[in-house]
Structure formats: C-alpha cells, structure tokens
Amino acid sequence: MTFKCFIHKFETDDVSKWDEHNEKESHTTTGVSPCSLCGFSTEFSFTGKKKAGTIPCVCEECKESL
C-alpha cells in the first residue's frame, strides 16, 4: 500500500515513515470516531500535527467542559 500526501509531495510504502510525516507536518483530518473523552460517536475535523495511533476527536459537549 502506498501512502501519498499531495500537499507536501510526499509518498511512501512504509507505515512508520508515513507516521513520521504526519507528526512533522500539519494536515486536516476529518471523519467519524468515538470521542476521546466520553466515547460517543461524533464527526470531527482536526488540523495540525498528529501523533501516530491517535484520533484527534472530541465531541462538542466535552469541548465545552474543557
């Protein structure tokens, strides 16, 4: 499987190099995932650097309580 980032013109078949790229460069990640705090399924959009194995998802209710 090939991982491609068209924004930074980066391409690799190595998952660890892909993870390194996402930790060094800012990207926008969107999707549906359980909230990292309460576990309820929620849509999210995150822009920034992302640590490998993490899902940057926090629901609106939990954001308000932070």
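Colour the chain by pLDDT to begin: this is a predicted model, with a mean pLDDT of 93 for the chain and 100% of its residues at 70 or more. Among the elements of the chain, the highest mean pLDDT, 97, belongs to strand S2, and the lowest, 92, to helix H2, residues 60-65.

Next, select residues 10-12, which make up strand S2, and stop at Thr12. Is Thr12 buried or exposed? Its relative accessibility is 10%, below the 20% limit, and therefore Thr12 counts as buried. Display the residues around Thr12: beyond those up to four places away in sequence, Thr12 touches Met1, Thr2, Phe3, Lys17 and Trp18. Then show Asp14 as well; a polar atom of the Thr12 side chain lies 3.0 Å from the backbone nitrogen of Asp14.

Move on to residues 27-34 and residues 41-48, which are strands S3 and S4. These two strands pair in the antiparallel sense, over eight bridges.

Finally, return to strand S3 and select Ser33. With a relative accessible area of 7%, Ser33 is buried. Which residues is Ser33 in contact with, apart from its neighbours within four places in sequence? They are Phe40, Ser41, Thr42, Phe44, Ile55 and Cys57.

Terms used. Residues are numbered from 1 along each chain as its sequence is written. This is a predicted model: local features need pLDDT of at least 70, side-chain atom pairs count only at pLDDT 80 or more; totals for chains, interfaces and linings use all residues. Side-chain values use heavy atoms; hydrogens and water are left out. Helices (H or I, at least four residues) and strands (E, at least two) are DSSP runs, numbered from the N terminus. Buried means under 20% relative accessible area, exposed over 50%, partly exposed in between (1.4 Å probe, protein chains only). A polar contact is a pair of N or O atoms within 3.5 Å; within protein, one must be able to donate a hydrogen and the other to accept it, and residues adjacent in sequence count only if both atoms are side-chain atoms. Contact means heavy atoms within 4.5 Å. pLDDT is the predictor's confidence in each residue, from 0 to 100. Two strands pair if DSSP finds at least two bridges between them.
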